Amino acid sequence: MSETGALPITDKSPSNASYLTTVLSAIVVYFCVFKVVSPWLLRAVFGKRYVSLPGPKRKFLDEAGACTCFSTVMGCWSLYIHYLDTQINSTLLRYDYPPVRHNCCILLGFSIADLIAKFVFVGESEMGMMTFIIHHLVTATISCVGACTTSLPFYVNMGPMLEFSNPFLNMRTILKELGFPALSTPYKINGILWLLSFFLVRIVITIFVAWYKFAPLMLTSELYEQVEAITLVAIFTGGPFFNILSVYWFIKIWQGTLKVLKGGQKNI
């Protein structure tokens with residue numbers, strides 16, 4: 001697959017029911033992780049630091065732990081597709097590629113479940129509830145487009161890929177709430193990994209690589225004739241939206257990491 005164009009949808013393509021099942025399964029699994037797996041892991045790893053926290057604060061960390069688990073799966077899966085899957089193609093405009101669509105379904109289910117958990121069980125967000133709501137609604141909308149359409153899977157795959165750096169963001173929150181000093185070794189190591197993963201995925205791949213490869217397609221009439229309008233809207237609005245956020249947050253992370261490494265600031 002090397003030419004611009006489209007491949008027909010075959011009988012071997014999964015049915016819409018399979019994608020809906022993935023979304024619903026992601027919601028169910030999220031709450032299982034949030035209620036059972038995340039508390040168990042936090043208790044096993046951090047012991048008294050976690051157990052001694054008041055109930056609402058433990059719920060806050062349970063949610064961060066659940067997000068860490070989901071982000072790890074989605075981010076690693078997307079990177080595998082991007083680098084190792086030979087079936088993914090950056091120039092073919094339309095073809096059904098179930099691995100990407102199912103990952104978008106997981107992201108959609110996760111976004112819905114995390115919104116519910118935030119309102120029903122947690123009630124607070126480190127980034128602020130309004131920012132959290134807007135972020136998750138935009139993510140849910142774009143992932144829904146990726147799950148429901150068969151256009152540009154190479155670029156759609158970069159949506160779930162943004163999750164790759166989030167485990168380190170969530171781990172930062174966990175370490176901070178558990179009382180680890182910002183100058184401690186775990187905090188520093190996590191900060192460096194967060195910076196590197198953020199730079200790889202949100203700056204190098206989803207800005208430079210994505211737009212470098214997508215720019216020639218923007219000059220072809222086939223892009224606008226063959227790709228669904230809703231996919232184009234998602235790419236031309238959601239893409240810049242997350243790109244701007246990524247650049248802003250990378251600058252903040254870079255500045256904060258340098259200050260912590262130099263020992264001049266307590267928190268990133």
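I looked up Ile 116 and found it in helix H4, residues 98–122. Helices here are DSSP runs (H or I, at least four residues), numbered from the N terminus. The model is predicted: local features need pLDDT of at least 70, side-chain atom pairs count only at pLDDT 80 or more, and totals for chains, interfaces and linings use all residues. Residues are numbered from 1 along each chain as its sequence is written, and side-chain values use heavy atoms, without hydrogens or water.

Ile 116 is partly exposed, at 37% relative accessible area. Buried means under 20%, exposed over 50%, partly exposed in between (1.4 Å probe, protein chains only).

Then the cores. A nonpolar core joins buried Ala, Val, Leu, Ile, Met, Phe, Trp, Tyr and Cys residues through side-chain atoms within 4.5 Å. The largest has 58 residues, and Phe 70 is among those with the most contacts inside it. H4 gives the largest share of this core, 10 residues. Apart from it I found another core of seven residues, including Trp 194 and Ile 253.

I checked Phe 70 for contacts (heavy atoms within 4.5 Å). Leaving out residues up to four places away in sequence, Phe 70 touches Ala 26, Val 29, Tyr 30, Val 33, Ile 106 and Phe 110.

Last, helix H8, residues 166–177. Its 12 residues should span 16 Å at 1.5 Å a residue, and the end C-alpha atoms lie 17 Å apart, which agrees. The expected span is 1.5 Å times one less than the number of residues. Buried in H8 are, among them, Asn 166, Arg 172 and Leu 175. Helices H1, H3 and H9 are included in their cover. Gly 179 follows H8, with a positive phi near 90°.

Methods: Helices (H or I, at least four residues) and strands (E, at least two) are DSSP runs, numbered from the N terminus.
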